[in-house]
Amino acid sequence: MYDATLAETVTITGHDGHQIEAYSARVLDPAPSGGVVVIHHMPGYDDQVKEIARTFSTHGYNAVVPNLYHRDAPGASPDDAAAAARSKGGVPDVRLLGDVAGGAAYLRGLSNSNGKAGVIGYCSGGRQSLLAACSMPLQAAVDCYGAFVVGNPPEGMGLNVTSIKHLIKDLTCPLLGLFGADDKYPSPDQVAELEDELKAQGKTYDFHSYEGAAHAFFAVNRPSYRPEAAMDGWQRIWDFFGQNLR
């Protein structure tokens with residue numbers, strides 16, 4: 001297999017037709033490839049999430065990371081842009097959906113697209129990944145410890161988001177969920193509540209919780225990183241996308 005990839009900053013059409021920054025990592029092999037929209041975590045559009053996109057491309061998937069904070073602080077550092085977005089309560093759901101749809105359209109428009117697109121998100125992006133999968137046609141979705149899919153943020157957290165449990169009935173594709181058993185948001189009880197709703201709605205899903213892991217166990221640059229959980233999680237991601245996006 002020809003294994004060259006190309007990673008670069010691009011412009012995509014997001015919510016309301018706005019042109020936003022995004023990071024693209026794509027396969028240069030002309031053979032048909034599936035696509036993955038990578039939704040960044042609350043800390044923002046940073047080097048770590050761009051590395052995740054490149055990892056997808058080296059495994060044979062086209063990937064794109066929309067900069068969800070592009071409008072809040074254009075040209076700012078990831079930390080400053082994240083602070084600006086958080087001061088406004090986070091990314092509005094309707095805007096998020098438009099930007100993810102734009103990312104999926106970008107992927108499906110590539111010359112080597114096989115027409116399939118999935119989504120993966122971490123932290124706040126985990127909730128947003130599931131929200132997208134309940135709101136638009138996708139072939140696969142991965143929720144990595146997404147908080148407030150069920151339940152609402154506590155007072156003082158400053159996030160203007162609410163539970164999306166009521167949308168589970170509209171889930172359009174299989175869902176993979178990866179969680180830390182020591183996490184608080186989402187807690188094991190919240191994960192169990194989400195699983196009960198998926199069962200009740202007859203949805204296809206696969207959940208895994210890791211003992212000794214809390215929030216952000218995939219983040220290699222943070223003390224929360226748990227190598228064994230992350231490596232097992234990555235293998236489950238490859239298996240899941242292999243089944244649904246190839």
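Q: Which residues have the most contacts inside the largest nonpolar core?
A: In soluble globular proteins, nonpolar side chains tend to be buried together. In this predicted model, the largest nonpolar core has 84 residues, and those with the most contacts inside it are Val-38, Phe-56, Ile-120, Phe-218, Ile-237 and Phe-241. Helix α6 (residues 227-245) supplies the largest share of this core, eight residues. Such a core is a set of buried Ala, Val, Leu, Ile, Met, Phe, Trp, Tyr and Cys residues joined through side-chain atoms within 4.5 Å, where buried means under 20% relative accessible area, exposed over 50% and partly exposed in between, with a 1.4 Å probe and protein chains only.

Q: What does Phe-56 touch, not counting residues up to four places away in sequence?
A: A contact means heavy atoms within 4.5 Å. With those sequence neighbours left out, Phe-56 touches Val-36, Val-38, Tyr-61, Ala-63, Ile-120, Trp-234, Ile-237, Trp-238 and Phe-241.

Q: How many helices and strands are there in the chain?
A: Helices (H or I, at least four residues) and strands (E, at least two) are DSSP runs, numbered from the N terminus. The chain has six helices and eight strands, which follow one another along the sequence as β-β-β-α-β-α-α-β-α-β-β-α-β-α.

Q: Where do Arg-95 and Asp-72 lie, and how far apart are they in sequence?
A: Side chains of opposite charge can pair when their charged atoms come close. A salt bridge is defined as a side-chain nitrogen of Lys or Arg within 4 Å of a carboxyl oxygen of Asp or Glu, and the structure holds nine of them. In the one between Arg-95 and Asp-72, the closest N and O atoms are 2.8 Å apart. Arg-95 lies in helix α3 (residues 93-108) and Asp-72 in the loop between β4 (62-66) and α2 (78-87), so the pair ties together parts that are 23 residues apart in sequence. Arg-95 is buried, at 10% relative accessibility, and Asp-72 is buried as well, at 14%.

Q: What separates Glu-51 and Arg-54 in helix α1?
A: The side chains of Glu-51 and Arg-54 meet in a salt bridge (2.7 Å, N to O), and because they are three residues apart in helix α1 (residues 47-58), about one helical turn separates them. Glu-51 is partly exposed at 39% relative accessibility, and Arg-54 is partly exposed at 30%.

Q: Which conventions apply to these values?
A: Residues are numbered from 1 along each chain as its sequence is written, and side-chain values use heavy atoms, with hydrogens and water left out. For this predicted model, local features need pLDDT of at least 70 and side-chain atom pairs count only at pLDDT 80 or more, while totals for chains, interfaces and linings use all residues.
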